[in-house]
Amino acid sequence: MLFRSWASAVESPWPDVASVADHVGVRHLVVTRHALVRQVLADPATYRPDNALDAVTPMPVTALRVLAGHRFRLPPTLANNSGASHPQIRAIVADALHPTRVAAQRPWLTALVRERVARLTATLDAGQPADLYADLAADLPLLVLARLVELPDAPVGAVKEFARAALELFWAPLDADRQLALAAEVGRFHSVLRDFAATGGGLAAELRAAGHPPDVVVGALFFLLVAGQETTSQFLTLLLHRLACEPAVRAGLRTGEVAVADVVEEGLRLEPPIVTWRRVATADGLLGGQPVPAGTSLVLWLARAGRDPAVVESPDEFRPGQRGSRRHLAFGAGAHRCVGDVLARMEAAVVVAEAAPLLDGVTVVRPPWCPDNLTFRMPDAFVVRRAPGSTGLTGS
Ligand code: HEM
């Protein structure tokens with residue numbers, strides 16, 4: 001969902017374009033239709049990505065001082081970069097995440113997921129609850145990313161804490177105390193990244209060798225850790241939860257009538273971890289008949305675009321392979337389209353193939369809960385238990 005308060009701010013059904021005020025009184029134009037979202041994403045001259053990482057709750061001086069104390073800076077590098085350096089930085093990151101390099105990680109990831117699934121099966125067989133977020137999905141993307149682009153030698157838990165803190169600091173409605181605590185967390189890790197950016201190998205070294213200054217190297221690593229890692233672990237959790245409620249799809253996977261890749265696409269369409277993404281208008285214009293003054297913040301409702309009846313046959317139903325299923329905008333579109341899409345799809349395909357059988361015969365003890373956030377769904381847990389005496393092959 002968008003900000004929870006927006007659910008009641010606009011009467012359902014939402015218009016194609018709606019002007020809504022956020023928790024600090026700033027107005028945004030929420031774009032809901034697939035064709036209009038695509039139109040905005042395809043026109044980077046009129047709708048720039050410069051505001052993509054702006055904090056939705058302005059930071060108080062106390063939090064800014066904490067960030068400044070850590071010499072925190074986030075120059076435009078990837079998602080928020082409409083400048084001349086974007087294509088080159090993007091090309092270096094895209095090389096590191098090239099499909100052949102991603103494919104090479106698949107056997108290793110499959111073995112790791114199998115090991116985890118075996119442990120979780122034993123837990124469920126013993127009648128114990130199992131948390132598929134904490135014990136399966138939470139750190140997988142980070143472990144794969146670390147093999148693809150060298151990352152600072154920090155404990156997984158610390159990196160996840162930092163990434164979740166960043167998603168909250170920049171995209172959640174917050175009070176000043178919380179902002180201060182989050183700024184301390186984000187600032188601390190930014191210092192770790194700065195040291196690594198100066199000396200680290202892999203992607204950091206590639207960016208340095210291409211002549212990018214230290215701030216840019218830090219900014220690129222910062223964004224990769226936040227967007228490349230947290231998003232995918234969120235998606236894996238949300239997709240597993242959805243599959244737990246879709247016994248017919250699981251049955252199709254078992255018999256081979258449903259393809260894993262189709263399940264992943266339908267999952268991206270219906271359960272995208274990034275619900276919205278922002279652009280800013282550079283000139284006065286019109287969108288869907290609505291005036292858009294220069295400077296307007298546009299909130300592109302990617303999740304809603306995925307359920308547009310003009311594009312998908314049965315928009316609210318999980319039907320892998322249905323007409324329009326693959327036309328979702330979960331990865332954005334155009335010049336800034338996600339460069340990690342092949343990686344995210346590979347990880348999701350491995351998890352669906354290996355872990356879907358775990359869900360047979362389970363009941364959901366604790367569905368994922370997501371805190372209020374403009375953009376990211378940040379599930380905190382997904383706990384299941386197998387009904388006593390269940391073989392695991394029937395039931396929901
Ligand atoms: C299911 C998982 C993921 C989703 C839903 C997702 C979604 C997105 C979206 C919506 C954007 C903005 C696109 C736009 O402005 O048009 C984006 C950009 C980006 N994503 Fe992802 N992403 C995912 C995983 C990843 C992964 C695994 C990586 C890398 C390891 C990654 C790296 C990036 C980068 C570098 C950009 C900025 C691209 C640019 O500005 O040129 N993402 N992603």
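Leaving aside its neighbours within four places in sequence, which residues is Val 56 in contact with? In this predicted model, the partners of Val 56 are Asp 22, Trp 171 and Leu 374. Val 56 itself sits in the loop that runs between strand S3 (47-48) and helix H3 (61-69). Despite this loop position, Val 56 counts as buried, because 23 other C-beta atoms lie within 10 Å and the cut-off for a buried residue is 20 or more. Arg 90, 34 residues away from Val 56 in sequence, is 25 Å from it in space, C-alpha to C-alpha.

We may turn next to the ligand and its surroundings. The ligand is surrounded by 32 residues, and the closest of them are Gly 228, Gly 332, His 336, Cys 338 and Gly 340. Two or more residues of this shell are given by each of helix H4 (86-96), helix H8 (140-148), helix H12 (214-244) and helix H16 (341-355). H12 provides the largest share, with seven residues. By class, the shell around the ligand holds 23 nonpolar, seven polar and two charged residues.

H12 deserves a paragraph of its own. This helix has 31 residues and spans 45 Å from its first C-alpha to its last, close to the 45 Å expected at 1.5 Å a residue. Of the 31 residues of H12, 28 are buried, so the helix is largely enclosed by the rest of the structure. One of the helices that H12 packs with is H16, at an angle of about 35 degrees and with the axes 10 Å apart; the crossing of H12 and H16 is right-handed. On the H12 side, the residues that meet H16 are Thr 232, Phe 235, Leu 236, Leu 239 and Leu 240. Their counterparts in H16 are Ala 344, Glu 347, Ala 348, Val 351, Val 352 and Ala 355. Sorted by class, this contact of H12 with H16 comprises nine nonpolar, one polar and one charged residues.

H10 has 24 residues and reaches 35 Å between its first and last C-alpha, close to the 34 Å expected at 1.5 Å a residue. Among the buried residues of H10 are Leu 182, Val 186, Phe 189, Leu 193 and Phe 196, together with Gln 179, His 190 and Arg 194. The buried residues of H10 pack against H3, helix H9 (156-171), helix H11 (202-209) and H12.

Asp 139 brings the account back to the loops, as it is found between helix H7 (133-137) and H8. With 17 other C-beta atoms within 10 Å, Asp 139 is partly exposed. Leaving aside neighbours within four places in sequence, Asp 139 is in contact with Val 156 and Lys 160. Glu 230 is 91 residues from Asp 139 in sequence, yet the two are 8.5 Å apart in space, C-alpha to C-alpha.

Two details of the backbone complete the picture. Most residues other than glycine have a negative phi, and most peptide bonds are trans. The peptide bond from Ser 12 to Pro 13, however, is cis, with omega near -5 degrees; Pro 13 lies in the loop between helix H1 (6-9) and strand S1 (17-21). Arg 71, in the loop between H3 and H4, has a positive phi, near 55 degrees. Arg 71 is also exposed, with 12 other C-beta atoms within 10 Å.

Conventions. Residues numbered from 1 in each chain as written. Predicted model: local features only at pLDDT ≥ 70, side-chain atom pairs only at ≥ 80, totals over all residues. Helix = DSSP H or I, 4+ residues; strand = E, 2+ residues; numbered from the N terminus. Contact = placed C-beta atoms within 7 Å. Near = placed C-beta within 6 Å. Nonpolar A, V, L, I, M, F, W, Y, C, P; charged D, E, K, R; others polar. Expected span 1.5 Å × (residues − 1). Axes fitted to C-alpha atoms, helices over the stretch in contact; angles between N-to-C directions. Left-handed = near helix turned anticlockwise from the far one by under 90°.
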